[in-house]
Amino acid sequence: MSDAKTVPVLTIDGPSGSGKGTISALVAERLGWHLLDSGALYRAVGYAAGAEGLDLSDAEAVARCAETTRIRFAAAGKGHPARVMVNGHDATDELRTETAGAAASAIAAIPAVRQALVQLQLGFRKAPGLVADGRDMGTVIFPEAAFKVFLTASAAERAKRRYKQLKDKGLGVTLGNLLREIEARDERDASRAVAPLRAADDAITIDTTGLSIDTVVAKVFTIVRP
């Protein structure tokens with residue numbers, strides 16, 4: 001692990017729906033770097049806890065679940081986020097639901113859960129480089145990262161993106177409900193005592209409202225200097 005500190009890291013943080021997942025996957029693919037989807041780790045633990053019938057407010061039980069859950073990322077092909085294997089099961093689709101997102105947000109506020117996942121996240125830092133996607137990558141997990149980006153977008157824009165994603169999957173959702181859920185999650189993530197959502201002091205903020213994916217990727221590449 002001593003030479004891991006020399007491996008370059010690009011952190012891409014931001015709220016739900018800001019485009020972190022898509023942008024991170026594309027940038028990692030083009031750079032040929034490893035990808036860490038930290039949000040998927042929290043969703044995976046929330047999913048595993050639910051499968052065990054645990055009460056998400058039981059910090060001790062959820063922390064134990066975080067320590068024992070086996071999580072692995074599997075390549076999904078060009079331009080696609082990695083598949084997420086949880087305890088040997090491909091849980092990718094389940095992890096993309098609003099229920100999984102809410103569970104992840106709830107357990108992310110538990111210090112013992114966050115601590116259990118820190119070492120796992122640090123282990124993704126391998127040559128030739130790492131793109132780390134999340135909410136506290138640049139502030140807590142990789143504070144010394146050479147390249148830091150914070151993606152944002154208006155709540156209305158993020159709700160529209162999520163609405164389109166879910167409707168394309170044939171799910172019955174309403175734009176109003178999604179907007180309220182996103183605003184509530186923003187408030188929860190920004191006000192929690194442990195690793196609140198915020199841009200690192202040395203991060204470059206990119207507002208993705210109204211921008212195409214290619215435009216955002218191009219902006220990120222003006223920041224990264226491999």
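How many salt bridges does the structure hold? The structure holds 13, a salt bridge being a side-chain nitrogen of Lys or Arg within 4 Å of a carboxyl oxygen of Asp or Glu. The model is predicted, so local features need pLDDT of at least 70 and side-chain atom pairs count only at pLDDT 80 or more, while totals for chains, interfaces and linings use all residues. Residues are numbered from 1 along each chain as its sequence is written, and side-chain values use heavy atoms, with hydrogens and water left out.

Asp136 lies in the loop between strand 6 and helix 7 (137-141) and Arg114 in helix 6 (residues 111-122), so the pair ties together parts that are 22 residues apart in sequence. Helices (H or I, at least four residues) and strands (E, at least two) are DSSP runs, numbered from the N terminus.

Five strands form an open sheet in the order 2-6-1-7-8, with parallel pairing. Two strands pair if DSSP finds at least two bridges between them. Strand 2 (34-37) and strand 8 (204-207) stand at the edges; each has a single partner strand, so one side of each is left without a neighbour in the sheet. Neighbouring strands are turned by 20 degrees against each other on average, direction ignored. Strand 1 (residues 9-13) runs parallel to strand 7 (residues 147-152), and four bridges join them. Leu10 has Phe147 as its bridge partner in strand 7.

Helix 1 (residues 20-31) lies across strands 1, 2, 6 (130-134) and 7, at about 180 degrees to strand 6. Axes are lines fitted to C-alpha atoms, for helices over the stretch in contact, and angles run from 0 to 180 degrees between N-to-C directions. Helix 2 (residues 38-51) also packs on the sheet, touching strand 2 and strand 6. Its direction makes about 45 degrees with that of strand 2. Contact means heavy atoms within 4.5 Å.

Helix 1 also packs with helix 10 (residues 213-221), at about 55 degrees and with the axes 10 Å apart. The two helices are therefore oblique to each other (under 35 degrees counts as roughly parallel, over 145 as roughly antiparallel, 65 to 115 as roughly perpendicular and the rest as oblique). Residues in contact include Ile23 and Leu26 in helix 1, and Val216 and Val217 in helix 10.

Two backbone features fall in loops. The peptide bond from Ala127 to Pro128 is cis, with omega near 10 degrees. Pro128 lies between helix 6 and strand 6. Asn87, although not a glycine, has a positive phi of about 50 degrees. Its loop lies between strand 4 (83-86) and strand 5 (89-90).
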